[in-house]
Amino acid sequence: MAKRSRRGGTASGAFARFLIRRALLAVLVLLGVVVITFFLARVVPANPAGLWAGVHATPQELASARAELHLDDPLPVQFGYYLTGLVQGDLGVSIRTHNPVLDDIGDKLPATLELISASLLLAVVVGIPLGVYAGVKKGRWPDHLTRFLAVGGVSLPSFWLAVVFEMVFVGELHWLPSSGRFSDVLNIQYPLKTITGFLTIDSLIQGNLIRFGDAIAHLILPALTLALYPIGLVARMVRTMMVEVLGENYVRTAKAYGLPGRLIHYRYALKNAISPAIVAVGLSFAYELTGAFLVENIFAWNGIGQYAFNSVLSFDYPAILGTTIIVAMFYVIVNLVVDLIQSFLDPRIVLTKAEA
Amino acid sequence: MRDLSLEFETEFGTAKVLDRVTFTIGEGEVFGLVGETGCGKTVTALTVLRLLPSNAKITTGNVKFLGEELLSKTDAEMERLRGTKISMVFQDPATSLNPVFSVGEQITRVVRTHEDVDKRAAETRAVELFKRVGLPDPETVLRSYPHELSGGMQQRVMISMALACRPKLLIADEPTTAVDVTIQAQILDLLMELQREFRLSVLLITHNLGIVAETCQRVGVMYAGALGEVAPTKDLFREPLHPYTQRLLKSLPRPDARGQPLASIPGSVPSLIDPPTGCRYHPRCEFAMKSCSTRRPALLEHSPGHRVACLLYEGVTE
């Protein structure tokens, strides 16, 4: 039997082999994604050359655009050009913005990552204790209350919530800014260097508390809107698992040895109950990369979701392909991270064992 | 423990799980509680620790430990008692240990909950206990997870945990049911050794009369939630009084009865939701009289230390 990596020795070798195998698998997955998206994008009748050259383009300009985009070559040849670029880290040039797709994504991705991270942090920090509490108080009012909140969070559409939040906290109460990631005035007064692209982190690194507060204020509403669904999901998953785990013999053992309730619930039981919630958070993360575009739109959050949305509307296939590949990469990475967390939490899961 | 009666609210009705159970365990004494599956042995044990499920309701009786009433203690007082003065070894060590924490963490957590010691001191104590219960390579065991240990080793870990805070009373709920026969004997021997060494009082719950004969000074026979007979082990085997005990002893396989079918008790264990009136054993009893179905026998002393609950010994003839 393969030993776990924490035990050192040959185990770290096995762990390295595991990572290599997962990396190879990831390449295969990504290749599949590229093939499917590339050919699907070309099935849609569109006029990329026309978009590229503009509305008033002359026939010569159109022809040179077609040549530049390799549109006159057969599809497999075009795919060859694309793959060659891809392995060199070149995702092509956006037809809509005329920027390299990679630059565009690098520009927008941090905004979305910051937003999703904040919303999923909320989901974990609020959803898990809520689920534990509901599970412990099963059948009593805290359980019913969290069920009500969770069902509400899961079933209310985010675009509707976003509008309601804007009306209440911006329109009526004037507590929070309505849209964007920062206020333009402060941006001119206190310019920030871009380091991570996360405004909250960049402002903290540079010790600029005014910009930090501004970034947080802009982040609250969209993050909260996005968080309600995963909060409800996580709370319900943790609750269901907690109810099951609290009936286990080892929980009775812990009680029989006089361990305090908090320790039993939040350590002994939760560690056994949290796995499905971690999977849910991981999948939400990958999904919201582009799934958050409605919320991004309403709050004018210039992120990758909006970028993907606009690319689709204008048949900007290099951009569509580029974002798809990046999102697929995140799926692969998130899955790996989820697996690693699970094996860390549960010693019975042995990742390094050969998988069928 | 006096007159302990207990009910479970279930969706099928109220189950009268315990019916006026009364017994005492002396200091340093091993008391065996025998009976069929579902007769209320484990519930009796859980009552001592006040670990009953929420649908359980104690209707009468009290449980005294070192002169103090356990049933009126607050939850916080009970938490301090559990694991320190009274501890319990469970039936199935594989599911009674938390699968996602190392056994060392689980045992040191118990020690550190009850005593003001640091992690190192708690680990040292765990290693000593592991040595004492015969676990090979205690430092490695400390860092092992339950699934990496065999059933026998898991039970030894449970026993170490039970002894970690020097309890006065050890409740062992069928401690050898889940391990195979060779290990059973080892675990029992170990328990008895430790019992003498720590001067433990032990409540040993089992359905195995052989185990009782080897280990217990006194024994209580339980049937359908009621105690039928309480006696010193020797007396019980020499002169069983209760008809149920007599049949139980007859049903043990014997070398001189080779080739003959095993004796068994006709009928089956009654439902506790609607238990037989009077003596709960009377529908299966070969000596049943008319009044057995109406009058409930009391647990009365028949000879010194030997008590039985049966109308046959109350001078009732019909």
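This is a predicted model: local features need pLDDT of at least 70, side-chain atom pairs count only at pLDDT 80 or more; totals for chains, interfaces and linings use all residues.
The axes of helix α13 (residues 275-291) of chain A and helix α16 (residues 317-345) of chain A cross at roughly 165° and come within 9 Å. α13(A) and α16(A) are therefore roughly antiparallel to each other, and the crossing of α13(A) past α16(A) is right-handed. On the α13(A) side, the residues that meet α16(A) include A:Ile278, A:Val279, A:Gly282, A:Phe285 and A:Leu289. Among their counterparts in α16(A) are A:Val327, A:Phe330, A:Tyr331, A:Val334 and A:Ile341. Sorted by class, the residues of this contact between α13(A) and α16(A) come out as 13 nonpolar and six polar, with no charged ones.

Taking the contacts in chain A between residues at least 6 apart in sequence, 70% join residues at least 24 apart.

Next comes the place where the two chains touch. Chain A puts 18 residues into the contact, and chain B puts in 25 residues. On the chain A side, the elements that give two or more residues are α11 (249-256) and α12 (261-273). Of the elements on that side, α11(A) gives the most, with six residues. By class, the chain A side holds eight nonpolar, four polar and six charged residues.

Chain B brings in a sheet. Eight of its strands form an open sheet with mixed pairing, in the order β7-β8-β9-β3-β10-β11-β13-β12. β7 (86-89) and β12 (300-303) of chain B stand at the edges with a single partner strand each, so one side of each has no neighbour in the sheet. On average, neighbouring strands of this sheet are turned by 20° against each other, direction ignored. Strand β11 (residues 226-232) and strand β13 (residues 306-308) of chain B pair in the antiparallel sense over two bridges, and B:Glu229 has B:Val308 in β13(B) as its bridge partner. Helix α7 (residues 151-163) of chain B packs on the sheet and touches β7 and β8 of chain B, with a direction that makes about 175° with that of β7(B).

Within that sheet, strand β9 (residues 201-206) of chain B deserves a look of its own. Six of its six residues are buried, so β9(B) is largely enclosed by the rest of the structure. Both faces are covered: B:Ser201, B:Leu203 and B:Ile205 are buried on one side, and B:Val202, B:Leu204 and B:Thr206 on the other. Strand β3 (residues 30-34) of chain B runs parallel to β9(B) and is joined to it by five bridges, with B:Val34 partnered by B:Thr206. Strand β8 (residues 169-173) of chain B is also parallel to β9(B) and joined to it by five bridges, and in this pairing B:Ile171 stands opposite B:Leu203.

Notes
Residues are numbered from 1 along each chain as its sequence is written. Chains are lettered from A and ligands numbered from 1 in the order in which they are written. Axes are lines fitted to C-alpha atoms, for helices over the stretch in contact, and angles run from 0 to 180 degrees between N-to-C directions. Helices (H or I, at least four residues) and strands (E, at least two) are DSSP runs, numbered from the N terminus. Angles under 35 degrees count as roughly parallel, over 145 as roughly antiparallel, 65 to 115 as roughly perpendicular and the rest as oblique. A crossing is left-handed if the near helix is turned anticlockwise from the far one by less than a right angle, and right-handed if clockwise. Two residues are in contact if their C-beta atoms, placed from the backbone, lie within 7 Å. Ala, Val, Leu, Ile, Met, Phe, Trp, Tyr, Cys and Pro count as nonpolar, Asp, Glu, Lys and Arg as charged, and the others, Gly among them, as polar. A residue is buried if 20 or more other C-beta atoms lie within 10 Å of its own, exposed if 12 or fewer, and partly exposed in between; C-beta atoms are placed from the backbone. Two strands pair if DSSP finds at least two bridges between them.
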